[in-house]
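Please keep the sequence and the coordinates at hand while reading.

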Amino acid sequence: MDKYIIKGGKPLFGDITISGAKNAVVAIIPAALLAEGVCRIENVPLVSDVLIQLEILRELGVRADVVAPGVVEIDASRLDSHIAVSDLNQKFRASYYLLGAFLGRFGKAQVSMPGGCNFGGVRPIDQHIKGFEALGATVTVENGVICAEAKEGMRGASVYFDGVTVGGTVNVMLAAAMAPGLTVLENAAREPHIVDLANFLNWMGADIMGAGTDIIRIRGVKKLRGCTYSIIPDQIEAGTYLAAAAAAGGSVTVRNVIPKHLESTLEKLAEAGAIITEGDDYVTLSRAGRITPSSFKASPYPGFPTDMQPQLAAVLTLADGESTITDEVWDTRFKYADQLNAMGAKIEVLPRSARITGVSSLSGAKLVASDLRAGAALVIAALAARGESEITNIHYVERGYENIISKLRGVGADITLVRD
Ligand code: EPU
């Protein structure tokens with residue numbers, strides 16, 4: 001089994017260049033299926049989720065090529081099928097963005113249910129379905145395949161999301177970009193990757209306003225054209241490396257970032273005792289003193305990101321006192337607690353939250369990643385811990401962190417990838 005071997009307890013020093021945002025690119029690649037012409041997408045992180053997504057498109061007859069490092073070209077002019085029923089869909093969450101893309105292009109779609117990280121609860125798609133139905137589609141789920149069809153064509157409509165959903169907002173934006181009339185999405189997600197998707201679609205000729213606020217207005221256009229577009233930096237990847245420096249100590253600069261996107265993460269890391277300086281496109285974090293406790297709630301953007309919750313929890317295991325963390329997005333996202341406790345941490349999982357009593361040090365252990373960000377939390381804890389750790393199930397980590405080994409070694413970490 002593939003694993004990371006980490007010899008911890010060394011402070012980290014140096015620079016890390018951040019890749020493009022995984023959760024933006026997995027929405028933008030399916031959006032390219034709406035274009036007449038070639039889309040050239042730059043700053044693409046070639047993580048496993050993206051590689052699988054490109055494979056799915058190729059199975060559909062789409063040209064989806066990595067033409068240079070971090071550069072992908074998509075030409076869907078020969079796409080004539082609205083059906084994507086592939087085992088590959090089970091491998092990652094964003095495969096269900098094909099629903100929105102097919103509905104937008106063909107007015108019908110058949111896509112197998114998505115896989116993706118499982119945080120211990122269900123990951124419903126009722127709000128996606130609500131949006132598609134408002135736009136005129138009939139949606140059924142048969143034998144694990146989601147079937148949607150707008151017999152009289154898609155048309156603009158108002159959609160009020162009952163809860164903030166990134167995936168629902170993306171999927172309905174894709175379905176609405178070419179639906180005649182006005183679509184208004186209320187209580188929409190405001191994450192930077194939603195804005196990135198809207199910018200990409202607008203660059204292709206769409207008419208979308210308000211992305212980044214909770215009301216998005218989409219006036220359907222007749223067609224979309226190919227374009228060249230560069231993906232925003234990954235705020236979660238950047239936050240993860242900063243958290244690693246906060247836990248292990250030292251001074252790390254993340255480059256190619258938009259500091260504004262990292263605001264809530266930086267606030268919390270500063271509360272935990274880190275010293276942070278920002279430039280236009282970089283952030284430096286240093287920590288030499290004790291880690292201080294810091295309680296927080298993860299919530300939709302601009303709140304503290306749930307995708308940084310496990311990594312900050314790993315930092316706070318070493319705080320000088322007690323912290324309480326709550327996750328309002330995924331209320332069972334605490335599967336990493338047992339693993340960190342095996343390293344000597346003191347985390348008590350409560351309903352919807354976790355109480356962390358800081359300890360003075362962690363010890364290396366044999367660890368198993370249970371999902372992408374839990375895996376990142378284990379890497380952080382292992383970098384800070386005394387002794388050697390071995391982390392298995394690293395395919396989860398590889399879903400979202402491009403070149404994690406070389407990036408961490410570049411700042412002095414003793415981490416080795418062992419492929420079995
Ligand atoms: N929800 C519903 N009904 C729906 C959709 C969502 O009740 O139809 C609920 C979910 O159960 C959850 C909340 O709404 O409690 C938010 O879910 P959301 O739809 O926003 O999540 P997602 O689109 O499935 C994306 C990211 C996740 C990230 C969440 C929240 C992608 C591919 N995935 O998931 O990223 O945690 O938004 O920000 O963009 C990760 O990168 O590690 C990751 C899991």
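## Helix α7 and its ends

Helix α7 covers residues 235-248, and its 14 residues, at 1.5 Å a residue, should span 20 Å, a value with which the 20 Å between its end C-alpha atoms agrees. The expected span is 1.5 Å times one less than the number of residues. The model is a predicted one, and in it 14 of the 14 residues of α7 are buried, so that this helix is largely enclosed by the rest of the structure.

Both ends of α7 have a feature that can be located in the coordinates. Just after the helix, Gly-249 adopts a positive phi of about 85°.

## The packed pair α5 and α6

Two packed helices are described by the angle between their axes and the distance between the axes. For helix α5 (residues 166-176) and helix α6 (residues 192-203), the angle is about 10° and the axes are 10 Å apart. Because angles under 35 degrees count as roughly parallel, α5 is described as roughly parallel to α6. On the α5 side the contact involves Val-166, Thr-169, Val-170, Met-173 and Leu-174, which meet His-193, Ile-194, Leu-197, Ala-198 and Leu-201 of α6.

Helix α5 is mostly covered, with ten of its eleven residues buried. Among these buried residues are Gly-167, Gly-168, Thr-169 and Val-170, as well as Met-173 and Leu-174. The N-terminal end of α5 is capped by Thr-165, which has a side-chain oxygen 3.5 Å from the backbone nitrogen of Gly-167.

## A four-stranded open sheet

Four strands form an open sheet in the order β7-β8-β10-β9, and their pairing is mixed. The edge positions belong to β7 (83-84) and β9 (138-142), each of which pairs on one side only. Strand β9 runs antiparallel to β10 (residues 145-149), and five bridges join the two; within this pairing, Thr-138 stands opposite Glu-149 of β10.

Helix α3 (residues 97-106) packs on this sheet, where it touches β7, β8 (108-112) and β10, and its direction makes about 160° with that of β8.

Val-50 belongs to helix α2 (residues 48-59) and is buried, with a relative accessible area of 0%. Apart from residues up to four places away in sequence, Val-50 touches Val-25, Val-26, Ile-29, Val-44 and Pro-45. As a reference distance, Val-50 and Val-159 are 109 residues apart in sequence, and their C-alpha atoms are 29 Å apart in space.

Val-254, located in strand β17, is likewise buried, with a relative accessible area of 0%. When its neighbours within four places in sequence are left aside, the contacts of Val-254 include Ile-16 and Ile-18, then Ala-238, Tyr-241 and Leu-242, and also Asp-281, Tyr-282 and Val-283. Between the C-alpha atoms of Val-254 and His-193, which are 61 residues apart along the chain, the separation is 19 Å.

## The loop between β20 and α9

The loop between β20 (296-298) and α9 (309-316) contains Pro-302, and the peptide bond leading from Tyr-301 to Pro-302 is cis, with omega near 10°.

Asp-307 is found in the loop between β20 and α9, and at 17% relative accessibility this residue counts as buried, the cut-off being under 20%. Its side chain makes a polar contact of 2.7 Å with the side chain of Arg-333. Beyond its neighbours within four places in sequence, Asp-307 is in contact with Asn-23, Ile-236, Arg-333 and Arg-373.

Asn-256 has a positive phi of about 65° although it is not a glycine. This residue sits in the loop between β17 (250-255) and α8 (263-271), and at 30% relative accessibility Asn-256 counts as partly exposed.

For Arg-352, another residue other than glycine, phi is also positive and lies near 65°. Arg-352 is placed in the loop between β22 (346-350) and β23 (353-357), and with a relative accessibility of 43% it counts as partly exposed.

Terms used:
Residues are numbered from 1 along each chain as its sequence is written. This is a predicted model: local features need pLDDT of at least 70, side-chain atom pairs count only at pLDDT 80 or more; totals for chains, interfaces and linings use all residues. Side-chain values use heavy atoms; hydrogens and water are left out. Buried means under 20% relative accessible area, exposed over 50%, partly exposed in between (1.4 Å probe, protein chains only). Two strands pair if DSSP finds at least two bridges between them. Contact means heavy atoms within 4.5 Å. Axes are lines fitted to C-alpha atoms, for helices over the stretch in contact, and angles run from 0 to 180 degrees between N-to-C directions. Angles under 35 degrees count as roughly parallel, over 145 as roughly antiparallel, 65 to 115 as roughly perpendicular and the rest as oblique. A polar contact is a pair of N or O atoms within 3.5 Å; within protein, one must be able to donate a hydrogen and the other to accept it, and residues adjacent in sequence count only if both atoms are side-chain atoms.
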